[in-house]
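Subject: Structure handover and notes

Dear colleague,

Please find below the structure I promised to pass on, with the sequence alongside it. My notes on what was found follow directly after it.

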Amino acid sequence: MKRYLCSIIIGMVVILSIGTYYVKVASSASSLPRYTFKTIEGSDKELDPVIVQATLENGHFYEPLTIESNRTTYGSDRPLWSDRYDHQIERLIKEHRSFMRGKGSISSLYEDDDFLAYAWVNSEFTNNGKMEAELDIGLLEKKDEGETSFQVELPHQERIMNVDVRDVQLVHSKLQVLTMIDVNSNNEKQTKEVHLYTIDLANKKVLSDKTLLSETFTYPNQVDFEMPIDVAPSQPNSMVLISLIKGVNHEEGPFEEKLKESKLLSYNYETEKLETVKKGSLSLDMARSGYADGKNLYVVEMKSGKYRVKTFDLSSQTLTSDTELDIAANKEEQYTAAFKNGRVYFLLNGMNQEGLLTYKPAILLIADIKTGKTLYKGETVINKKNSKSYQLYFDDLEIK
């Protein structure tokens, strides 16, 4: 009887603790300011797919928040066991909970109408300092929910110091896994590489390990590989862009780029061709700060007091549109952009380049990417009188 009484008391303590937690959370969240968008122009319906991720700060107080369906939800509003995921990850978890268990990186996922695929590198260093790494592969057939999963050793893992999965594609029933690698070196030389692993899903093995790029350098020289922001990270794409950046680190002064040696490259999964992109009117800086979806590269430019969006077709390597947005440019303020369904979503954050608030409302503009026609324009409004004691930092702009 004592044993059961003890269990009952422990259970009651747990329940009371959880209840107290939620009362405190509810009280705390209810006292925080709520942010919504006030319409200046256009239709409110354009806001339906918009998700804004931000962080509220007040001294040492930090609280993540989401503005979705024009409502504010704080991290403390969410269940205790709930994690904050990219909306695409959240959708996949709801639709395929078993397959998505333990999978939280959108760049490691591929999805089409028939399949959901996953690739990740699990790695650790042994006592002798060598890398042990394996590819963790998963494939889900949506029609019958049939799952295939296996692990396979990463080729030439003894020479790898660090590896990062950047893109996953399913091409002709073979999984293509694009990675960026830091090579293990015992001397002053450093080597960085871009590798493409081709995985035979039927026979559960690595068919090939293709080195797309390899650069070796010594200090003060520096080489980096970068990719534009992927606006369709899990969708089928035939092409990826990679920036090769070469420069010199000066002991006194900033990094100096060697513009003549830096370049923008494209890799086509179908043709297996790696080519240098003819940038035309695009500078390297513009290309690197752009947004790609596997078909186009979208670049934001400030010109004549306005923001412009240039669309660069990757297949033909031509500029297909140069559109002016109806929003004043401000070099002192940061912006976040997203591109989907022929629209540009542009959020002018109200923060300067150092991330300091200017206490101006954030402006959200939604426009047709070809014509520049404004479909929606609005600004943030706050429902609390004491809101000026808080700082709002915008982290991400997502489109469902």
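A charge is said to sit over a ring if NZ of Lys or CZ of Arg is within 6 Å of the ring centre and within 35 degrees of the ring normal. By that rule the charged end of Lys103 sits over the ring of Tyr118, 4.9 Å from its centre, and the charged end of Lys103 also sits over the ring of Phe99, at 4.6 Å from the centre of that ring.

Please keep in mind that this is a predicted model, in which local features need pLDDT of at least 70 and side-chain atom pairs count only at pLDDT 80 or more, while totals for chains, interfaces and linings use all residues. Residues are numbered from 1 along each chain as its sequence is written, and side-chain values use heavy atoms, with hydrogens and water left out.

As for confidence, pLDDT is the predictor's confidence in each residue, from 0 to 100; the protein chain averages 85, and 86% of the residues score at least 70. Over residues 13–27, however, the pLDDT is below 50, and beyond near neighbours in sequence this stretch has six contacts in the model, a contact meaning heavy atoms within 4.5 Å. Where pLDDT is low, the predicted coordinates should not be read in detail.

The protein chain has four helices and 27 strands, where helices (H or I, at least four residues) and strands (E, at least two) are DSSP runs numbered from the N terminus. Of its 400 residues, 45% count as buried; buried means under 20% relative accessible area, exposed over 50%, and partly exposed in between (1.4 Å probe, protein chains only). Among the contacts in the protein chain with a separation of 6 or more, 51% are accounted for by residues 24 or more positions apart.

In helix α2 (residues 87–95), the residues His87, Gln88, Ile89, Leu92 and Ile93 are buried. These buried residues of α2 pack against β2 (50–58), α3 (97–100), β5 (109–111), β6 (115–125) and β27 (391–399).

Turning to the strands, two of them are said to pair if DSSP finds at least two bridges between them. Strand β14 runs parallel to β19 (residues 291–292) and is joined to it by two bridges, with Ala292 in β19 as the bridge partner of Asp230.

Strand β25 (residues 363–368) is largely enclosed by the rest of the structure, because five of its six residues are buried. Six bridges join β24 to β25, and the two run antiparallel; here Val344 has Ala367 in β25 as its bridge partner. On to strand β26 (residues 374–382), β25 is joined by five bridges, again in an antiparallel arrangement, and Ile363 has Glu379 in β26 as its bridge partner. In the hairpin of β25 and β26, which has five residues between the strands, Gly372 takes a positive phi near 80°.

The aromatic residues also deserve a note. Rings of Phe, Tyr and Trp (its six-membered ring) pair if their centres lie within 6.5 Å, and planes under 30 degrees apart count as stacked, over 60 as edge-to-face and the rest as tilted. A search of the whole structure finds six aromatic pairs. One of them is the tilted pair of Tyr307 and Phe346, with 4.7 Å centre to centre and 50° between the planes; this pair links distant parts of the chain, since Tyr307 lies in strand β21 (residues 306–313) and Phe346 in strand β24 (residues 343–348), 39 residues apart. Tyr335 and Phe346 form a stacked pair, 5.0 Å centre to centre with 20° between the planes, and Tyr335 lies in strand β23 (residues 335–340), 11 residues from Phe346. Phe346 counts as buried because its relative accessibility is 0%, whereas Tyr335, at 27%, counts as partly exposed. Ring pairs also link Tyr291, Tyr298 and Phe339 into a cluster.

Lastly, Ile199 is found in strand β11 (residues 190–200) and is buried, with a relative accessible area of 0%. Leaving aside neighbours within four places in sequence, Ile199 is in contact with Leu135, Ile137, Phe150, Lys174, Leu175, Val177, Lys205 and Val206.

With best regards
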